[in-house]
Amino acid sequence: MPKIEMNLSDYLRVIRKRKRIIILSFVLVLLSTLYYTFKQTRIYQTSSTVKIEQRKSVAEILTELITWSPGDEMASQANLISSYQIMEKVAEKLNLISQDMNPIDRMARAKGLQGQISAAQVGNTNMISISAVSSNPRQAMELANTVALVYVETHFENKKQEASNVKSFVKTQLDYYLSELQKGEAALQKFRQDNPLVVERDTKSLPPMETDSRLSRLKEEIVNLELELAALKSKYTEEHPEIKALKRRMEKTNNDFAVAVNQITAQQKALSAKEIELLQLKRNVTIAEDIYLMFKQKYEEASILEAEKAQDVTIVEPASLPSSPIKPDINFNIMIGLFSGLLIGLIMAFVVESFDTTIGRLDDIEELIQVPVLGVIPNTSLEKGKRGLKNKFIKRKKISEKDAVQKKLIALFTPTSPVAEAYKSLRTHLDYIGDKKEGMSIVITSATPEEGKTQTVANLGIVLAQSGQKVLVVGADFRKPMIYRLFGLKKSPGLSEVLIGKLSWEKVVNNVTDILLGGFEYERILKSTGIENLNIITCGENPPNPAELLNFPQFSDLVKELKQEYDVILFDSPPTLPVTDSAVLGTKTDGVILVYQAGRTPRQALIRAKTQLENVDAKIWGVVINNVKADFMEDDTYYQRYRYYRYYGEEKKSQSPD
């Protein structure tokens, strides 16, 4: 079986053919998106901004010891803002938790607020943006402002606490060195009282300890290291790496100081023991006094720092009331719904098309079964034109079964309609087929039931008769006869009586007179030129063995006699696949025409029907595509032609006298 490849026109055809599925999928997805969007909880967002500054006051106890890193510090502060410590205070300020609440519940409330807060540095500045989200716009604003306020207060309290810790440490050291100074002064005074004869020699030639630059630097470094150690202890434990490193530095500095003292002491060996003792006492007093005065200055600075009210963190922009939600994004969701709906619709269309085993193009039929398409019969709804949609909503008058059946004779009742013109086009193709010296015998069948073969036989016979040819329509479908009902004739006597030898074929032929007696409108028959050339043989009584009856030698003789009398003999036969009647008829006639209903019968059924006929050496002349809809066509050529015929007929009617 040849493989069918799709091109761009095939894709466009599938889209036109499955437009209902595409539209339905598109509408359903879009409506679902809109429903989901409008059912979502509205989420509002707002933000406040705080500014962090490094203030340098007169109390510079720790500022010269701490390295300021704007990037790291700002990131740390941003994380601190959304920390549990801040969120717990925020929850208390918003009355979301209380002191008597269960600890687990308190933690859950605070953790819930953490999920609503985010903080980030604003560019490379020293400002932090605090964003809050909530389903209530006012709650979002209150939350953002409360977090900013709590953070400012917490930062200020921490700053005051650090200043208080430093002041306490400096006070302890001040008291200690005051005690050392008093002890040194008392010892010096007692030494002078006990040794009034010891006179202090001129020691300017020697480097005195109190004026030695190296000793002064080491003393200053020892004091600074002690202050730095005190600051670190207020933040970290004794096991912290920075504290351990600082202690190692202090130990090394003390060792350096001791070495320097020993060096200066060695230079003073020439002095007497009393002089040396006097110098040592004076030196101790001087050192103690210097350290005491330094700590006294630091204590005053720490007191000033503790009393300061200046804040390092300030709110520069409070949060405002958000006017519109950030979620859901209606415009974005609608765009996604439009795109998804269209995409899903196209996917569904091509999925349905892939499961559709019918043939989608005229070219595909010719390519699959390697026979020409003789005619294309459009769907009868084309005759309604634009009024077809309107007629769906109008209550139609109930018609009899007889009238409904006879309305299928479109070539007789509406000879200028698009469908009638399609049958005339089929007639034109048949004029170039067959032997012109004698009549043509044609079997018209289909692969499966209800594909319109009987209607095709009847209308083709009418248009052939209208062209002046002498036509005989033979009802050879003993399974489900319909020819006699279409023309309002009696079922018997007919073909079965002829084949069993009960009657001759001349006695069972029905002409225009019999059609008039069958209930057709007299004026309609008279207006239809050439209808007198149409003769009909009905099926007769249903035989118990139709296939065997058609295989009688008498049938071949009958066909030869009919071809001598008529130009065209059309045999209405049963479908090919369910029964073998059409295959038997195909071997005894000139050719077979397969009727295929577009979009209904699977392609495999058509192929099997063709194969079954070829297996008995039946000659297949071509295929008639019946009940063709717009989505089966590759272009509008046929429909433009049909509109022209309809328009022409309407113009002609409008110009006729009343």
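Which strands does helix 16 (residues 453-466) lie across? The model is predicted; local features need pLDDT of at least 70, side-chain atom pairs count only at pLDDT 80 or more, and totals for chains, interfaces and linings use all residues. Residues are numbered from 1 along each chain as its sequence is written, and side-chain values use heavy atoms, without hydrogens and water.

Helix 16 lies across strand 6 (440-446), strand 7 (471-475), strand 8, strand 9 (568-572), strand 10 (591-597) and strand 11. Its angle to strand 9 is about 165°. Helix 24 (residues 603-615) lies across strand 10 and strand 11, at about 170° to strand 10. Contact here means heavy atoms within 4.5 Å. Axes are lines fitted to C-alpha atoms, for helices over the stretch in contact, and angles run from 0 to 180 degrees between N-to-C directions. Helices (H or I, at least four residues) and strands (E, at least two) are DSSP runs, numbered from the N terminus.

The strands form an open sheet of seven, in the order 5-11-10-6-9-7-8, with parallel pairing. Two strands pair if DSSP finds at least two bridges between them. Strand 5 (373-378) and strand 8 (534-537) stand at the edges; each has a single partner strand, so one side of each lacks a neighbour in the sheet. The twist averages 20° from one strand to the next. Strand 5 runs parallel to strand 11 (residues 620-628), and four bridges join them. Proline 378 has valine 628 of strand 11 as its bridge partner.

The structure also holds three aromatic pairs. Rings of Phe, Tyr and Trp (its six-membered ring) pair if their centres lie within 6.5 Å; planes under 30 degrees apart count as stacked, over 60 as edge-to-face and the rest as tilted. The ring centres of tryptophan 505 and tyrosine 566 are 6.2 Å apart and the planes stand at 65°, so this pair is edge-to-face. Tryptophan 505 lies in the loop between helix 18 (495-499) and helix 19 (512-517), and tyrosine 566 in the loop between helix 22 (553-565) and strand 9, so the pair ties together parts 61 residues apart in sequence.

Backbone geometry was also examined. Most residues other than glycine have a negative phi, and most peptide bonds are trans. A cis peptide bond joins lysine 327 and proline 328, with omega about -5°. Proline 328 sits in the loop between strand 4 (313-317) and helix 10 (330-355). The bond from serine 492 to proline 493 is also cis, with omega near 5°. Asparagine 95 has a positive phi, near 60°.
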